[in-house]
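Hi,

Here's the structure I promised to pass on.

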Amino acid sequence: FQAEDGIRDVERSRGLGDVYKRQIKEFDKKILYSVFDFGATPLSSITSTVDLMITGDSLEKLDELGNQVEQHLRKVKGLTSVSRSWYLDKQEFIFEIDELQAARYHVSPADISAQIGVALRGKVSSIFNIPNETGLGVRVQFSKPYRDNVNDFETMLIKTPLGLIPLKVFAKITPVFAPGVITRQNLNYSIDVYGFRSTAAITHIQRGIDKEVIPNVRIPSGYRLSKEGEIAQMKQSGMRLARAMVIALILLYFSLVVTFSSWKNPFTIMLAIPLAAVGSMWFMLGFGRHQCMPSMMGLILLAGVIVNNSILLIDFIEDGRKKGMDMHDAILEGIRLRARPILMTAFGTSVGMLPVAFQRAVGLERLSPLAVVAIGGLIIGTFLTLIYVPIFYILFEKLGNKIKGLLSKLRGDKIQEAET
């Protein structure tokens with residue numbers, strides 16, 4: 001839970017948010033809150049699920065565009081809290097010196113600024129000597145009541161060759177509002193509008209943004225609106241992981257071809273991967289998790305374990321056939337010998353990941369989707385592997401035998417034609 005002056009939202013966030021919401025009535029002044037869970041994003045470098053960044057060369061225009069984006073973003077269903085990286089909520093005073101007026105009194109702007117600096121920040125006028133120790137500087141400056149009130153400060157007397165003149169004769173003090181922090185992106189000013197979710201799917205939020213925010217906010221020339229945060233990272237990482245997965249499957253296939261000296265057994269082994277993905281999707285739905293970067297990494301982890309189980313099963317079947325066993329007997333013997341080790345591996349790994357899946361591992365809460373994918377894929381995928389991998393093995397064997405029969409028949413026909 002985070003509460004800061006200038007943040008524009010009061011939201012309910014589970015138990016702790018309810019407590020602070022009830023206590024807000026005790027404040028004398030209006031303090032606005034934004035409620036969200038720290039660690040709710042899959043990576044610590046990501047600030048929020050939704051991060052709409054606007055860049056440009058004017059802080060005032062960015063504040064205006066940020067307000068528009070924030071208002072439309074609140075209409076997106078599934079977001080529990082919306083806030084911004086900064087607001088124009090810090091009051092500053094611009095001090096403008098009239099050079100012509102200063103010249104009339106034979107004083108330069110630098111002299112005026114130096115006297116103001118001494119009044120505000122002070123100046124070391126002497127040293128307080130302490131025997132056998134380093135001396136302490138004695139700083140002289142205006143007392144606090146005279147430094148806090150701008151109206152009183154305007155009556156400060158400036159020393160000039162023509163005498164003491166009030167400060168308001170030389171300069172004009174204008175109050176303005178500025179951001180408490182200035183952020184930049186590619187050398188331009190930037191502002192981020194954040195949106196936090198609780199249980200809504202990222203894809204649903206993305207559709208809401210495309211419907212409610214993007215078409216309704218007009219970005220002028222010289223300014224740019226971009227999607228950052230978890231959505232952008234997930235899209236980029238998803239493309240990289242997809243390419244990596246394709247390359248990994250190709251390399252896996254050719255390595256298995258060399259290992260088994262067969263072109264069809266690698267297909268049988270690799271068909272276990274979608275079987276495991278079925279179990280992971282069901283467990284994601286049951287646990288209320290959504291597709292994200294940790295879940296994608298979990299699929300890669302899951303593919304390695306399931307493929308290893310399939311390799312062991314096919315290897316035992318092939319060994320049985322080499323010993324002279326019938327194909328069906330070799331399949332039954334392979335399942336009988338490998339079922340217990342495969343099930344022990346699957347359930348042992350799943351039990352070890354339960355604390356992460358239930359978010360009971362401190363510091364690993366954002367990896368809960370990874371654990372859910374691994375557990376679901378291992379449990380469901382293991383049983384499906386023991387059932388469907390032998391079925392696919394039989395189908396590919398029959399298909400291979402048919403192809404060999406056709407090829408041998410074609411060769412026989414060609415030999416007969418050559419003899420005649």
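Where is V82 found? V82 sits in strand β4, residues 79-84 (helices, H or I with at least four residues, and strands, E with at least two, are DSSP runs numbered from the N terminus). V82 is buried, with a relative accessible area of 3% (buried is under 20%, exposed over 50%, partly exposed in between, with a 1.4 Å probe and protein chains only). The C-alpha atoms of V82 and R197 are separated by 9.3 Å, although the two are 115 residues apart along the chain.

Before the rest, some bookkeeping: this is a predicted model, where local features need pLDDT of at least 70 and side-chain atom pairs count only at pLDDT 80 or more, while totals for chains, interfaces and linings use all residues. Residues are numbered from 1 along each chain as its sequence is written, and side-chain values use heavy atoms, with hydrogens and water left out.

On to the charges. The count comes to eight salt bridges (a side-chain nitrogen of Lys or Arg within 4 Å of a carboxyl oxygen of Asp or Glu). Here are some of them:

- E70 and R74 meet at 2.8 Å, N to O. E70 is buried at 4% relative accessible area, whereas R74 is partly exposed at 34%. Both belong to a salt-bridge network that links D63, E70, R74 and R84.
- K227 pairs with D210, with the closest N and O atoms 2.5 Å apart. K227 is in strand β13 (residues 224-228) and D210 in helix α7 (residues 202-212), so this bridge ties together parts that are 17 residues apart in sequence.
- E333 pairs with R336, again by a salt bridge, with the closest N and O atoms 2.5 Å apart. Both lie in helix α12 (residues 327-357), three residues apart, or about one turn of the helix. R336 counts as exposed at 55% relative accessibility, and E333 as partly exposed at 28%.

There's a helix pair to look at too. Helix α10 (residues 272-287) packs against helix α11 (residues 293-322) at an angle of about 135°, with the axes 9 Å apart (axes are lines fitted to C-alpha atoms, for helices over the stretch in contact, and angles run from 0 to 180 degrees between N-to-C directions). That makes α10 oblique to α11 (under 35 degrees is roughly parallel, over 145 roughly antiparallel, 65 to 115 roughly perpendicular, and the rest oblique).

Cheers
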